[in-house]
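Please find below a note on the model under review.

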Amino acid sequence: MAKRIPLEILDLKDQRYSCHGCGDCCRDFSVQLRDEDLDRLAKQGWEEKLGQSVTVEFRGRRYLRQQADGACLFLQEDGLCRIHGEFGFQEKPVACRLFPFNLAPDGNGTHAGLNFACQSVRANRGASLESHRDDLRRAIREVPESNAISPPRLAGDLRADGQEVEAVVSGFDRWLGTTEVPLSIRLDGFAWLSQSLGAASFAEVRGSRVTELVDLLVSALPDELLHLPVDSPGRGQRRQLRQAAFARIEDPRFTGDEKKASLSARLDQWSRSRRFARGRGVIPGLARGWAVPGDFRDVESMPSVPGTPEISDLVTRWLRSTIRGGRAWGTAYYGWTIAEGVQGLALNAACLGWLARAHAAGKGHEVVTIESVGEALGRIDRSSGRAVWLGTAAERLRLRYLAADDGLRRLVRSTW
Ligand code: SF4
């Protein structure tokens with residue numbers, strides 16, 4: 001009989017979730033379909049009923065079609081799902097049934113991480129995570145690749161064993177959970193840890209020595225940061241941050257007209273990306289539904305995001321659950337190594353600061369509030385591990401550039 005792989009529910013006692021039906025995950029979300037989903041949709045007879053295809057092909061993959069405003073084709077005016085209404089929960093695509101959980105296998109088991117694009121996850125509302133175990137087990141059966149031992153790479157081509165993954169996870173988690181240290185210092189330390197891990201030569205440091213290395217790095221914090229003051233980011237680093245933030249709020253439409261619109265959409269995207277790179281003048285739009293501040297100066301002149309208790313709680317839960325849920329590397333994150341993954345997460349934290357300030361500036365606020373951090377986090381986690389362009393060689397190159405010369409620390413400190 002096949003061995004049952006352990007299902008690791010996030011061990012974060014202070015994180016809860018139940019769906020409260022806000023419908024956010026049915027808007028601006030690209031739902032990639034599996035073969036079984038396509039069979040189910042075909043059997044449900046939607047093409048005959050609606051007179052149009054309900055799926056769209058994009059870069060070789062099939063997605064649920066969207067309405068012109070980005071809402072799922074099946075989202076009704078009452079905010080409910082039409083597939084669910086007519087055929088029941090189990091007949092929806094598996095990605096819809098799993099959300100906001102996502103599955104990440106490693107050498108220790110299958111981890112059920114959480115997506116903070118969900119309002120209830122951000123607001124920490126609902127039942128314990130453990131209470132979702134049976135639903136998750138049912139969904140896992142339909143995602144066989146998530147139910148296999150699949151060790152991520154530590155760095156380069158080196159596969160991490162269970163002990164090494166645990167060493168990194170528990171070390172980073174311990175630091176992030178040191179809530180008596182102000183949030184801005186914890187984020188700085190997190191960026192420093194991620195840069196240090198990326199610079200380590202793992203060919204000579206394996207097994208229990210990885211635990212020693214991570215313990216040594218974590219125990220040096222926060223004192224080490226006092227001896228390592230950080231400069232303001234340079235022009236090139238700031239430009240990369242704006243472009244990274246832009247890449248995280250881009251959401252392609254899957255309305256079926258992509259081919260027709262493809263050339264003009266690409267030109268438009270290229271032109272907006274250039275304006276983000278320049279960082280001067282009027283901002284060419286932000287995430288859909290966000291008010292746009294006058295120009296880039298309005299964002300850059302916003303004070304750093306304050307570490308109020310609510311903001312600190314939200315950002316800490318997000319980072320800890322992303323690390324513990326294995327959402328930053330391996331199969332859950334474009335096959336990236338653990339070293340790349342923690343650096344990518346540090347860049348996401350800097351983008352979160354930039355986007356939260358942009359959201360607050362658009363609202364005319366003088367300081368960033370929890371609302372702006374929540375909105376920005378929702379956008380970042382929507383794209384994280386899902387938007388294909390964030391997993392490309394170009395994005396890895398950006399990260400390599402920023403990990404050098406203290407770039408990640410500088411950017412994090414400039415926004416938090
Ligand atoms: S975003 Fe979360 S709370 Fe809202 S409908 Fe989706 S799963 Fe439910």
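**Note on the domains, ligand shell and sheet**

1. The chain divides into domain 1 (7-147) and domain 2 (151-416), with bounds that come from an automatic or database domain assignment. The model is predicted: local features need pLDDT of at least 70, side-chain atom pairs count only at pLDDT 80 or more, and totals for chains, interfaces and linings use all residues. Residue numbers start from 1 along each chain as its sequence is written.

2. The centres of domain 1 and domain 2, taken over C-alpha atoms, are 25 Å apart. Contact between the domains involves 31 residues of domain 1 and 35 residues of domain 2, two residues being in contact if their C-beta atoms, placed from the backbone, lie within 7 Å. On the side of domain 1 that touches domain 2, two or more residues come from each of strand E3 (55-58), strand E5 (101-105) and strand E6 (110-114). E6 gives the most, with 4 residues. By class, that side of domain 1 holds 13 nonpolar, 12 polar and 6 charged residues; Ala, Val, Leu, Ile, Met, Phe, Trp, Tyr, Cys and Pro count as nonpolar, Asp, Glu, Lys and Arg as charged, and the others, Gly among them, as polar.

3. The residues around the ligand include Cys19, Cys22, Cys25 and Cys118, together with His20 and Asp24; a residue belongs here if its C-beta atom, placed from the backbone, lies within 6 Å of the ligand. The shell comprises 6 nonpolar, 5 polar and 1 charged residues.

4. E5 and E6 also belong to an open sheet of 3 strands, ordered E1-E6-E5 with mixed pairing; strands pair if DSSP finds at least two bridges between them. Strand E1 (7-9) and E5 each have a single partner strand and stand at the edges, so one side of each lacks a neighbour in the sheet. From one strand to the next, the twist averages 30°.

5. E5 and E6 run antiparallel and are joined by 5 bridges. Pro105 stands opposite Thr110 in E6. Helix H6 (residues 133-140) lies across E1, E5 and E6, running at about 140° to E1; axes are lines fitted to C-alpha atoms, for helices over the stretch in contact, and angles run from 0 to 180 degrees between N-to-C directions.

6. In total, the chain has 18 helices and 9 strands, which are DSSP runs numbered from the N terminus (helices H or I, at least four residues; strands E, at least two). The C-alpha atoms fill a box of roughly 70 × 60 × 35 Å along the principal axes.
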